[in-house]
Amino acid sequence: MFGLFKKNKVKNMFEGAQSTRRLLSWSPSNSGPKRQSYQLATLRRRARDLYRNNAIARAAIDKLVADTLSGGVGCRPNPELSKQVRDRLVSAWEDWSLECDFDGLNDFYGLQASAMRAMLIDGECLILIEPSNNPAAPIELRLLEADHLPYLTDPARNIVDGIEFDANGRRTAYHLYPMHPGDNDNLKTIRIPASKVVHLFQAKRPGQIRGESILTPVLVRLKSLDEFDDAVLERQRLANLFVGFIRKPEVGFNNGDVTTDEEPPLINMEPGTMQELLPGEDITFASPPNQEGYENFTREQLRRISSALGIPYFLISGDYTQVNDRTARVSMTAYRRQVEQLIKGVFVPIFVRPVRIEFIKRAVLTGLLPSHVTLKSLMKTDYIPEAWAYINPVQEVSAEVDAINAGLKSRSESLLQRGRDIEEVDANRAKDLERETQLGLKDHV
């Protein structure tokens, strides 16, 4: 029976695992999720270069940042808290969000956009949670580029790529450069407890500890397409230098009064010029290169790039010539799902929620929030990203109203999906109604 499994009897059942002639050169690496970090520094430098100099890469990154965090991720406190505690928590959070930046350049929502942009380009971003003496800001956030975390490995201290682990494989500390290594030489790392560091990145593999740029699968294609486009542009520019060549007969033929010792006359061409030539002379012109197929080739490359990044082609290219309402709706639905996964699966649990929890802990200790309420109740939060703009407002609002009236969803659920708090909306409606009543205004349907 076991003879069936002898090596010379086993037939490869998977085409992709065969070692035929056309697949012999396909021998990918089998390195683990930690060992792949050795190439991340090169990827990061190239991704930054593309973002600085490549129009398509910049458009893709900026579009993703705008669509994920156009207004930032808001926080809705636990609705079970008393109104007094809720109002106090909301007020403290709003005051803190204005002064939370260690560098004093952004509010909390500006920091969110900066952290997201760094994660997309570099693959990761580091956020230090610093204690503060500012009464309105019990903690401050300091954003650091991934370069501050070196690819330092020390088995004796259980450090891998600058991250220190305990015996169970949990992160205990980060060994960071105090200043950017690109601005200073001969720096020594500082050990910072993991509880004070937010390491924002999207893990693509189980066990991955460092992030990779979202541009990784299209780095070469973006670079090659940019060089191709630049070459075509330069070739066309040179071709537009309209050049004419006058050909004269050989010496000894009848060429009028012109001799071979005279300087060749220059002819300045202007629109509508008809130049008379000497007997025996004729003129030929340079032929500009043909650009046939350029548009189709470029469009196809951009489609592949947009597909790899998960962004609709027309959003990156700005080409809406082949877009209608139906295709736009299908494309945007798939795109929204990807963005929502990035927000809810990566950005909120890794960045926003830990910051919110640390803020509440410090706010209770400093007296900004009441201590008689349990931390669990204070920390219970709904994280609300900015709502998407309607594609077809009339149809979409009508469908939403029908769903609410049919009992398929509640107003609070609908407003939460639109990035709004129902209590805030109802309070504003009540104020508007009270003002209209006082002014004697009639309600408008």
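This is a short tour of a predicted model, one selection at a time. Residues are numbered from 1 along each chain as its sequence is written, and side-chain values use heavy atoms, leaving out hydrogens and water. Local features need pLDDT of at least 70 and side-chain atom pairs count only at pLDDT 80 or more, while totals for chains, interfaces and linings use all residues.

**Stop 1: helix 6**

Select residues 294-309, which form helix 6 (helices are DSSP runs of H or I, at least four residues, numbered from the N terminus). Helix 6 has 16 residues and spans 23 Å from its first C-alpha to its last, close to the 22 Å expected at 1.5 Å a residue (the expected span is 1.5 Å times one less than the number of residues).

Now colour Thr 298, Arg 299, Gln 301, Leu 302, Ile 305, Ser 306 and Leu 309, the buried residues of helix 6 (buried means under 20% relative accessible area, exposed over 50%, partly exposed in between, with a 1.4 Å probe and protein chains only). Seen down the axis, these buried residues fall within an arc of 165 degrees, so they line one face of the helix (the arc is that of the directions from the helix axis to the C-beta atoms). On the face turned away from the buried side, find the exposed residues Asn 296 and Ser 307.

Show helix 2 (55-68), helix 5, helix 7 (313-317) and helix 8 (325-366), which are among what covers the buried residues of helix 6. After helix 6 comes Gly 310, with a positive phi near 75 degrees.

**Stop 2: an aromatic pair**

Select Phe 228 and Phe 297, an edge-to-face pair with 5.0 Å between centres and 70 degrees between planes. Rings of Phe, Tyr and Trp (its six-membered ring) pair if their centres lie within 6.5 Å; planes under 30 degrees apart count as stacked, over 60 as edge-to-face and the rest as tilted. Phe 228 lies in helix 5 and Phe 297 in helix 6, so the pair ties together parts that are 69 residues apart in sequence.

**Stop 3: the core**

Which residues have the most contacts inside the largest nonpolar core? They are Trp 96, Phe 108, Leu 141, Leu 215, Phe 351 and Phe 359, in a core of 69 residues. A nonpolar core is a set of buried Ala, Val, Leu, Ile, Met, Phe, Trp, Tyr and Cys residues joined through side-chain atoms within 4.5 Å. Helix 8 gives the largest share of this core, 16 residues.

Terms used: Helices (H or I, at least four residues) and strands (E, at least two) are DSSP runs, numbered from the N terminus. Contact means heavy atoms within 4.5 Å.
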